[in-house]
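Welcome, and please open your viewer. We will go step by step, with something to select at each stop.

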Amino acid sequence: MAGTAVLISSTLRRTGDRRRAHLLLASGVVLATLSALTGLVGILGMAGHWGEHQHQRMTLATVVAVGLAASGVVLCAGVLRLPGVARTRSAALRLVLDGVVIGAALWFVGWVFASEPTRVLGDWTPRACPAILLASATAAGAIGLTFVVGVRSPRPRRELVLIGSGVTLVGVAGLGLAAGICQAGPAVALTGAALLPVGFLLVFAGGRAPEQTGEADSDLIRNGTGYAFLPMLAMAVSAMYHLLRMGDFTVLGIVSGSVEGFALVARQSLALRDVRAYARRLAEREAHFRELAHTDPLTGLANRRGLLRALQQGSASAAPCVLLGLDLDGFKNVNDLHGHDVGDAVLVEVAQRLRLNLRPGDLAARLGGDEFAVLMWARPPEAQRVAERLLGILGRPYDHPAGRIFVSVSVGVAAQASAPEVETLLRNADLALRYAKQRGKNRVERYDVAYDHLLRRRTTLEHEMRGAIERNELHLVYQPVVAVPSVRPVGAEALLRWYHPELGSVRPDEFIPLAEECGMIAPLGSWVLHQACHQLSIWLAEGHDVWLSVNVSPRELHAPEYVVQVAEALRAHRVPPQRLVLEVTEHAVATDLDELIRRLAALRATGVRIALDDFGAGYSSLGQLRKLPIDILKIDHSLVAEQEPIRPPGEGERRVFAPMVDVVMRLGHQLGLEVIAEGVTNPLELAAVVEAGCRFGQGQLFGWGVPAEHLEAMLDAATSPGARAVPAPRNRPAQNLGSVDSSHEMRQA
């Protein structure tokens, strides 16, 4: 009774599932205690008259057996409610069925050895009274259940082993108490009653053990079928033994076998249901992961795989489809200025706008980075209208705590009619998107078959360009720079030309930008520099007073090793540095002015002169011009060739006057710069240039780019007797940039 009280008080201190389990255990202990006390009181009442009260003993034994059976059921329920045993009713049912399978087999084996003709206990073998049958069934069931729970439970198992042993001992003690009252006598009954406190102590000790952290594994697939085969084997062996001994199968044996069979069938039905549920869960998970594999995790749109799947599914249908390729313009600046978190938020907002502005059935996808796609089941005119509408919707500002963010979008449109294969349709849309980018961005560009030709030519040029130097396909031509108005050549500009044996002459405006994009501009520029210095050294050695200019790309200029390359080329070909002019386009001034100034200053330190080409194209400001370490201004041909010469107001004589050229000339002279007018194509433009005071000119009027020997002939003609000598453009003074030499031309006597 004291142990029961301690177990109840310990139960009240528990919480959650553990408290409910221990409450059941305590209830079972109390019920077993009351049943045992009832039996002991009855035994004491029949002391001295034991053999005379057979009917009373049978009734008492039945009452005690029923009470102990109820106690066993409650104790087993408490074991099943322990944390880590069975979290669901289905799992608990599986454990119960497994316990019934083992218990029924154990009871059947016991029945065989206790019935005729075996009777292993001889005269001590109990009769088949209801109390003994009920108590033995309770004990067998408790043994089977606690065995299954103990084997299946995760480690550590101390708690379950102790409690299970206690419950088993309570069942065995109940069998002894019922059997003693019914037949065996007071000694057996008292022995059974004495075992009950031991079982209670084991239950109490298990309650004080560390808690279980896992869950019993009741899955048939993972645990095998040993729990079923071994009991069935035991029953089969014992049944064969019983038959060989000429034993009869009574109702009890048949019932026991039937219970075993029904328990196995029920357990296998549950296992089959588990397998089906497991297969269903696998199918659901597979579908879920397949969908995840076709979904972009950031935006929730389809990804490239999802788009390909939709295209492949749609290619089998006859419905026309159009693919829109979208790319955000300037999105890299969003990440650089605001961070990737803000960039991701913009991408999510783009995805949301796409969802809200597409028709039902159309598919939006994110292909990666800031590139999206829209698959539309429509005809090209309708898709074109949708693309133009998306252009405005996606170009609206994006509100964010960091401020309003503005990005535009470029769209490429490709129809399935022009590409029967999925891969070709994707390529066409991407090609149209590329040309939308190249043609100014923030626009819609429809795929044209001419793009394929341009792409193939671009790919061919890029491939062939990599071996053009080794195959001697490149050469230089020289466009003369002349003194005006005498039109005497005083210098030249080296121009790169490429003649391919199969492609023919490739225009510079086609292969030079390509060389900059594919990283070939550096080796091409180095080859041009050395070839130009070599030719210049030849002309100087022949006595020609000439200088030569070479164009430098921004990529070359910003390379740290370019200054060293220039110095080495001058030294290798023994060219005076002041005879070499490096031309930098005005476009290079538009990016990173401070770095450009440092690079130009380092080049001027070698002695070469710097010319700012294409001045007037609209990039450089007057403030930048004053900071740049340059020596020569080359007026852009648009200011010369597109000028409309006018007559100055108030002038009596008719003179040609070009206002913009005159302004640049005055500016150049004020800054101490020499000025060369480019793009002079006719005598009227030449007269305007001369009137503005320009000393040097270059353009179609004076000759296109010619081979070295042709320019050499022009130089020879210029140095013949009676020809006039003109000095080369002078270096810009390091100090007093405003001082200018007013002489325009030196004449030879």
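**Before you start.** This is a predicted model, in which local features need pLDDT of at least 70 and side-chain atom pairs count only at pLDDT 80 or more, while totals for chains, interfaces and linings use all residues. Residues are numbered from 1 along each chain as its sequence is written, and side-chain values use heavy atoms, with hydrogens and water left out.

**Stop 1: the whole chain.** Show the protein chain as a cartoon, and you have 26 helices and 14 strands to explore. Helices (H or I, at least four residues) and strands (E, at least two) are DSSP runs, numbered from the N terminus. Of the 749 residues, 47% are buried, meaning under 20% relative accessible area with a 1.4 Å probe, protein chains only.

**Stop 2: the largest pocket.** Select Glu493, Leu495, Ile512, Asn551 and Asp613; among the 33 lining residues, these are the closest to the centre of the largest pocket. Its volume is about 1,100 Å³. A pocket is an open set of points on a 1 Å grid over the protein atoms alone, where a 1.4 Å probe fits, with protein on both sides within 12 Å along at least five of seven lines; lining residues have an atom within 4 Å of a point. The volume is the space filled by probe spheres set on the points, which are joined across faces, edges and corners.

Next, colour the elements that give two or more residues to this lining, including strand E7 (488–500), helix H17 (508–518) and strand E9 (547–552). What kinds of residue make up the lining? There are 13 nonpolar, twelve polar and eight charged.

**Stop 3: strand E7.** Stay with E7: eleven of its 13 residues are buried, so the strand is largely enclosed by the rest of the structure. Strands pair here if DSSP finds at least two bridges between them.

- Select E6 (residues 474–483), which pairs with E7 in the antiparallel sense over ten bridges; look for Pro480 opposite Ala492.
- Zoom in on the E6–E7 hairpin, where four residues lie between the strands and Val487 in the turn has a positive phi of about 60 degrees.
- Finish at E8 (residues 504–506), antiparallel to E7 with three bridges, where Trp498 partners Val506. E7 and E8 form a hairpin with three residues between them.

Note on methods
Buried means under 20% relative accessible area, exposed over 50%, partly exposed in between (1.4 Å probe, protein chains only). Ala, Val, Leu, Ile, Met, Phe, Trp, Tyr, Cys and Pro count as nonpolar, Asp, Glu, Lys and Arg as charged, and the others, Gly among them, as polar.
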